[in-house]
Amino acid sequence: MTTPDTVQIVPVRYRTAVVPHIMVADADAAIAFYAKAFGAVEEFRLDRPEGGGVLHAEIRIGEAVLMLGDTSDGPFTAPTELGGTSVALHVFVPDVDALARRAVAAGAELLQEPADQFHGDRTTILRDPSGHVWVFLTHREDLSGEELEGRLAGA
C-alpha cells in the first residue's frame, strides 16, 4: 500500500485508457458547461461547414481527453434522447470534493456525494445536463489485488 503523498493522480494502468467520444444535443452548451463545472479546456473544434453545430471537438479535463459532437443523422444519439445512458465516464482529478461542489453549482445533478471507497479512491458521481454520467475520482492509495479483495470482503 502507498501513502497519499506518494500516489499519482492518475494510476499508471489508466494512463492509456480508451478515449470516449460522446454525443450531445447542443455541443456548444455542453462545452461551456464542462468548462464551468469540470474545469475543461477546449483544445480543438471543427464546426459543421453548413452550420448546425459542432462536428467534432476535443476537451481536456485534468489529464483526460474527451471527444464530443452534436448528434446528427448518423448512428449516434444523445442520452437525453434515449432516456438515459449505459456508460459512465471516469476521470481522475486532484480534488474530487472541490470538483463536485463546482459541478453542482454549475448545474450538474449529484448522484453520489464524494466518499472514500474500498478501492483506494475518493469518488463522486454526477449527471451533466446532456444526460451523461460522470464518475470523478481522487486516487488515494495503490493497492494490490489481495488488498482489494480483502477490502471488498470487509465492505
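1. Two strands are taken to pair if DSSP finds at least two bridges between them, and strands (E, at least two residues) and helices (H or I, at least four) are DSSP runs numbered from the N terminus.

2. The model is a predicted one, in which local features need pLDDT of at least 70 and side-chain atom pairs count only at pLDDT 80 or more, while totals for chains, interfaces and linings use all residues. Residues are numbered from 1 along each chain as its sequence is written, and side-chain values use heavy atoms, with hydrogens and water left out.

3. Within the sheet, β2 and strand β3 (residues 54-61) pair in the antiparallel sense over six bridges.

4. Next come the aromatic rings, where rings of Phe, Tyr and Trp (its six-membered ring) pair if their centres lie within 6.5 Å, and planes under 30 degrees apart count as stacked, over 60 as edge-to-face and the rest as tilted. By this rule there are seven aromatic pairs. The rings of F33 and Y34 have centres 5.8 Å apart and planes at 70°, so this pair is edge-to-face. F33 is buried at a relative accessible area of 9%, and Y34 is buried at 0%, where buried means under 20% relative accessible area, exposed over 50% and partly exposed in between (1.4 Å probe, protein chains only).

5. The rings of F38 and W134 have centres 4.9 Å apart and planes at 55°, so that pair is tilted. Because F38 lies in helix α1 (residues 27-38) and W134 in strand β8 (residues 133-139), the pair ties together parts that are 96 residues apart in sequence. Both F38 and W134 are buried, and ring pairs link F33, Y34, F38, W134 and F136 into a cluster.

6. Helix α1 also holds A30, which counts as buried at 4% relative accessibility. The C-alpha atoms of A30 and G69 are separated by 9.3 Å, although these residues are 39 apart along the chain.

7. Pockets are found on a 1 Å grid over the protein atoms alone, a pocket being an open set of points where a 1.4 Å probe fits, with protein on both sides within 12 Å along at least five of seven lines, and lining residues having an atom within 4 Å of a point. Grid points are joined across faces, edges and corners, and a volume is the space filled by probe spheres set on the points. The largest pocket holds about 800 Å³ of space, and of the 31 residues that line this pocket, V10, Y14, A17, H90 and F92 are the closest to its centre. The elements giving two or more residues to that lining are β4 (64-70), β5 (88-92) and β8, with the largest share, five residues, coming from β5.

8. The second largest pocket has a volume of about 250 Å³ and is lined by 15 residues, of which T77, P79, T85, V87 and H132 lie nearest its centre. β1 (21-24) gives the most to this lining, with three residues.
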